[in-house]
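Dear colleague,

I am passing on the structure we discussed, with the sequence alongside, and below it you will find my notes on what turned up in it.

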Amino acid sequence: MRTLKYASQTFVTTDEMAHAVIEFTAEMAKSEDSEAVTLPTVDAEGRVVEIDIVVGPASEVISTPADDRPSEIDTTVAVAEIERRIESLKSARNRTAFPLDEGGPATAFDDLAV
């Protein structure tokens, strides 16, 4: 289990969920955009509680090991959704980095030929 600190609040979730949120936050910073995400977390009484946060370029998220808090939290679906969003962001960035129909890598340096 990991503790996520976001906007002066702390939330406990699985290692996989915390890792996905950290990676998603980094990708959102590169995209200069913001998105809302829902995360399954565990409250102080051990109950599963969903929280909503907005992740964007200025988001500061910290992940640290959590005290052992037994819980039956399933983050599989939420992690898969965030991973899908991460791949979508990476794919969109790769498509716009070198648009092939606008002088992409194959023709970008043709005028520099010796």
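The side chains of Arg47 and Asp43 come together in a salt bridge, with N and O 2.7 Å apart, and Asp43 counts as buried because its relative accessible area is 17%, where buried means under 20%. Please bear in mind, here and throughout, that this is a predicted model. In the whole structure the search finds seven salt bridges, and a few others deserve a look.

Glu27 forms a salt bridge with Lys30, the closest N and O atoms being 3.3 Å apart; both residues lie in helix H1, three residues apart, which is about one turn of the helix. Glu27 is counted as buried, since its relative accessibility is 4%. Arg84 is partly exposed, with a relative accessible area of 47%, and Glu81 is partly exposed at 31% relative accessibility. Salt bridges with shared partners link Glu35, Glu81, Arg84 and Arg85 into one network.

As for the overall layout, the chain has two helices and five strands, and along the sequence these follow the pattern β-β-α-β-β-β-α. Of the 114 residues in the chain, 33% are buried. Among the contacts with a separation of 6 or more, 62% are between residues 24 or more positions apart. The accessible surface of the chain comes to about 7,500 Å², and 52% of that surface belongs to carbon and sulfur atoms.

The largest nonpolar core has 20 residues, and those with the most contacts inside it are Met17, Val21, Phe24, Leu39, Ile53 and Ile82. At least two residues of this core come from each of strand S1 (2–6), helix H1 (15–31), strand S3 (35–42), strand S4 (48–55) and helix H2 (76–97), with H1 giving the most, six residues. If neighbours within four places in sequence are set aside, Val21 is in contact with Leu4, Leu39, Val61 and Ile82.

Helix H1 itself has 17 residues and spans 24 Å from its first C-alpha to its last, close to the 24 Å expected at 1.5 Å a residue. Its buried residues are Met17, Ala18, Ala20, Val21, Phe24, Thr25, Glu27 and Met28, and the helix is followed by Glu32, whose phi is positive, near 55°.

The side chain of Thr14 reaches the backbone nitrogen of Met17 at 3.1 Å, and, leaving aside neighbours within four places in sequence, Thr14 is in contact with Met1, Arg2, Ile73 and Thr75.

Lastly, Val37 lies in strand S3 and is counted as buried, since its relative accessibility is 3%. Val37 and Val21 are 16 residues apart in sequence and 9.0 Å apart in space, C-alpha to C-alpha. Not counting residues up to four places away in sequence, Val37 touches Phe24, Ile51, Asp52, Ile53, Val55 and Arg85.

With best wishes

How values were computed. Residues are numbered from 1 along each chain as its sequence is written. This is a predicted model: local features need pLDDT of at least 70, side-chain atom pairs count only at pLDDT 80 or more; totals for chains, interfaces and linings use all residues. Side-chain values use heavy atoms; hydrogens and water are left out. A nonpolar core is a set of buried Ala, Val, Leu, Ile, Met, Phe, Trp, Tyr and Cys residues joined through side-chain atoms within 4.5 Å. Buried means under 20% relative accessible area, exposed over 50%, partly exposed in between (1.4 Å probe, protein chains only). Helices (H or I, at least four residues) and strands (E, at least two) are DSSP runs, numbered from the N terminus. Contact means heavy atoms within 4.5 Å. A polar contact is a pair of N or O atoms within 3.5 Å; within protein, one must be able to donate a hydrogen and the other to accept it, and residues adjacent in sequence count only if both atoms are side-chain atoms. The expected span of a helix is 1.5 Å times one less than its number of residues. Accessible areas come from the Shrake-Rupley method with a 1.4 Å probe; for residues, only the protein chains shown count as cover. A salt bridge is a side-chain nitrogen of Lys or Arg within 4 Å of a carboxyl oxygen of Asp or Glu.
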